[in-house]
Amino acid sequence: MTAHALPTESAELPSTRQIARKLAIVAIPLAIAAVLATQLPGLKDIPHQLAGADGGWIAAALILQLLSTASFALAFHGVYDKRPSVRATTSMSMAVQGLNVVLPSGGAGGLAVGAVLLDRAGVPRSFAASRTVALFLITSLVSFVAVAIAGFGVAAGVLSGEATLTVTLLPGIAALLVIVAVFALPRSQGPLNTAPAGRFRTALANAREYLREGVGASAELLRSGDRLVIAGAIGYFAFDVASLAAAFHAVGPAGLPVGLLVLAYTLGHGGAIIPIPGSAEGGLIGMFVLYGMPVTTATAAVLAYRALHAGVPMLLGAIGLADVRRLLRDPAQAVAPRARVKLRHHPAAPPFAPGPAISASAA
């Protein structure tokens, strides 16, 4: 991958005004939608459910959300080969998660800005690009594996839950196919051979190269058994699912059995791929109703969960982005100690020297 191909050549970090504008674009329609939703027939009791939510379970959901955020920081640190300092890793990972809230696109929006942060900190662009793709792939891989396990488990009766094969086995099969397709796609040459010449073919070639190197980095990290990456990616998913389960306990009776909970959670979050306000909430509520939860309980629990799921990353992300700006005034502070030693011995080298070659990380 050539450095000039990375789309961070002239990118800048979003300003405070830009972030505030994005937050307003997200918050105002959501507030209006929440008010309108509570006025619909059968949903007028939701404000009372939220007002009477169990404080202990809400506190548990908050703690679990913080643990999910911390787990992402672990995965972030491991994926980038522990080259950023602990402070830089913490701040960058918080900024990425916060920006994911205001740049909804299935988690890719914040990671794209994360690539800008790494570029500004001096990380070689080819390394940053492949590892950024790897981070997205590995965290996504956990979700798809969870869907496969839950889908096949419930369909086979290994996991508890009553649902048709259409909403259990089919999602499990689809998740397996997606995993196979993602890891096989970079090897396919068909689309490029048939694509018209020009910018479209160049864009396809660049996209395939990014994906190929990202899949290669993912495979390398998984084969090496990097504990930070694996534990961080699993914790990022598992603690977030547990936070949603705690929200259900807070507003009413216990939620779904674990297998159906994982399916409803993961498939519901697919709505976040659509970059419009309320898509994630609508997707989650719809999936939980599909899997058997009453619409009022599902709506109240999802609203309580999303307040934490969005609020925690947004608050920590603002703190993280502010610290990242401070770090970038002195990029050496963003470098891990072992990288600083290398830099003192090789002053002509960039702060982050490329690591070992990656044989040709997922979520």
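Helix H10 comprises 25 residues and extends 36 Å from its first C-alpha to its last, close to the 36 Å expected at 1.5 Å a residue. The model is a predicted one, and among the elements of the protein H10, covering residues 227–251, carries the highest mean pLDDT, 95. At the start of H10, aspartate 226 places a side-chain oxygen within 3.0 Å of the backbone nitrogen of leucine 228.

Helix H3, formed by residues 55–79, also has 25 residues, and its span from first to last C-alpha is 36 Å, close to the expected 36 Å. The N-terminal end of H3 is capped by aspartate 54, with a side-chain oxygen 2.8 Å from the backbone nitrogen of glycine 56. After H3 comes aspartate 81, which has a positive phi, near 60 degrees.

| Helix | Side-chain oxygen of | Backbone nitrogen of | Distance |
|---|---|---|---|
| H3 | aspartate 54 | glycine 56 | 2.8 Å |
| H10 | aspartate 226 | leucine 228 | within 3.0 Å |

Aspartate 226 also takes part in a salt bridge with lysine 82, in which the closest N and O atoms are 3.5 Å apart. This pair joins distant parts of the chain, since the two residues are 144 residues apart. Lysine 82 sits in the loop between H3 and helix H4 (86–102), whereas aspartate 226 sits in the loop between helix H9 (199–223) and H10. Side chains of opposite charge can pair when their charged atoms come close. In the whole structure, a search finds five salt bridges.

Which residues make the nonpolar surface patch? Phe152, Leu170, Ile173, Leu176 and Leu177 form this patch, which has an area of about 440 Å². Helix H7, residues 169–184, gives the most to the patch, contributing four residues. Isoleucine 173 has its place in H7.

The mean pLDDT is 76, and 64% of the residues reach 70 or more. Helix H14, residues 337–345, has the lowest mean pLDDT among the elements, at 47. Residues 1–11 stay under 50 in pLDDT, and the model gives this stretch 20 contacts beyond four places in sequence. Over residues 339–363 the pLDDT is likewise below 50, and the model has 66 contacts for this stretch beyond near neighbours in sequence. Where pLDDT is low, the predicted coordinates should not be read in detail.

Methods:
Residues are numbered from 1 along each chain as its sequence is written. This is a predicted model: local features need pLDDT of at least 70, side-chain atom pairs count only at pLDDT 80 or more; totals for chains, interfaces and linings use all residues. Side-chain values use heavy atoms; hydrogens and water are left out. pLDDT is the predictor's confidence in each residue, from 0 to 100. Contact means heavy atoms within 4.5 Å. The expected span of a helix is 1.5 Å times one less than its number of residues. A polar contact is a pair of N or O atoms within 3.5 Å; within protein, one must be able to donate a hydrogen and the other to accept it, and residues adjacent in sequence count only if both atoms are side-chain atoms. Patches are made of residues with over 30% relative accessible area and no salt bridge: like charges are joined within 9 Å, nonpolar side chains (Val, Leu, Ile, Met, Phe, Trp, Tyr) within 5 Å. Accessible areas come from the Shrake-Rupley method with a 1.4 Å probe; for residues, only the protein chains shown count as cover. A salt bridge is a side-chain nitrogen of Lys or Arg within 4 Å of a carboxyl oxygen of Asp or Glu.
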